[in-house]
Amino acid sequence: MNAPDADGLLAEQLLRLTRRLHRSQKRQLEAVDIRITPAQSRLLRTVAHYESPPRMADLAERLEVVPRAVTSLVDGLEASGRVRRVPDPANRRVIRIELTEEGRATLRRLRSARRAAAEDVLAPLTTGQREVLGGLLSALVDGVPDQRC
């Protein structure tokens with residue numbers, strides 16, 4: 001008889017948890033009538049991390065996608081008024097992407113929906129358990145063992 005695949009089981013649990021978190025976040029966004037795809041949401045968050053408006057090529061590199069994918073995402077976000085294309089002041093042939101006020105408001109609502117979704121998923125855990133989980137997840141994401149465990 002084969003021994004259970006513990007790592008495979010953990011991987012499946014992580015995938016199920018991720019799906020649950022996404023479903024919860026989607027419900028939160030629908031409740032406040034925010035129509036945005038996960039990819040558009042990720043692009044908005046990425047643009048917000050830059051000190052000055054990034055170039056489309058910078059976004060493609062950061063998101064690890066082809067430039068055409070960024071163009072499609074920006075088109076959708078621009079149509080909804082969340083970002084705008086602006087010429088680079090140093091080189092007018094270069095286009096940069098900046099958040100609009102609507103984009104910043106959407107980011108605030110997205111953050112609120114993510115917090116509510118996380119609270120929904122993490123509700124069964126105590127504060128201490130959440131801290132341990134946070135350390136373990138950081139170790140997995142960063143590839144560095146958590147010394148507290």
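Predicted model: local features only at pLDDT ≥ 70, side-chain atom pairs only at ≥ 80, totals over all residues.
Leu14, Leu137 and Leu140 together make a nonpolar surface patch of about 280 Å². Leu137 lies in helix α6, which covers residues 127-142. Its relative accessibility is 37%, so Leu137 counts as partly exposed; the partly exposed class lies between the buried limit of under 20% and the exposed limit of over 50%.

Arg16, Arg19, Arg20 and Arg23 form a positive surface patch. Arg23 is placed in helix α1, residues 6-31. With a relative accessibility of 48%, Arg23 is also classed as partly exposed.

The overall fold can be read along the sequence. The protein chain contains 6 helices and 2 strands, arranged in the order α-α-α-α-β-β-α-α. For 149 residues, a compact globule would have a radius of gyration near 15 Å, whereas the protein chain has 19 Å. Along the principal axes, the C-alpha atoms fill a box of roughly 65 × 35 × 30 Å. Of the 149 residues in the protein chain, 26% are buried.

One backbone detail concerns a loop. Glu64 sits between α3 (56-63) and α4 (67-79). Its phi is positive, about 60°, although Glu64 is not a glycine. Most residues other than glycine have a negative phi. Is Glu64 buried or exposed? At 72% relative accessibility, Glu64 counts as exposed, because the exposed class begins over 50%.

Terms used
Residues numbered from 1 in each chain as written. Heavy atoms only, no water. Patch = residues over 30% accessible without salt bridge, like charges linked within 9 Å, V, L, I, M, F, W, Y side chains within 5 Å. Areas by Shrake-Rupley, 256 points an atom, 1.4 Å probe, with all protein chains shown as cover. Salt bridge = Lys/Arg side-chain N within 4 Å of Asp/Glu carboxyl O. Lys, Arg positive; Asp, Glu negative; His and termini not counted. Charge placed at Lys NZ, Arg CZ, Asp CG, Glu CD. Helix = DSSP H or I, 4+ residues; strand = E, 2+ residues; numbered from the N terminus. Buried < 20%, exposed > 50% of the residue type's maximum accessible area, 1.4 Å probe, protein only. Rg over C-alpha atoms; globule rule 2.2 N^0.38 Å.
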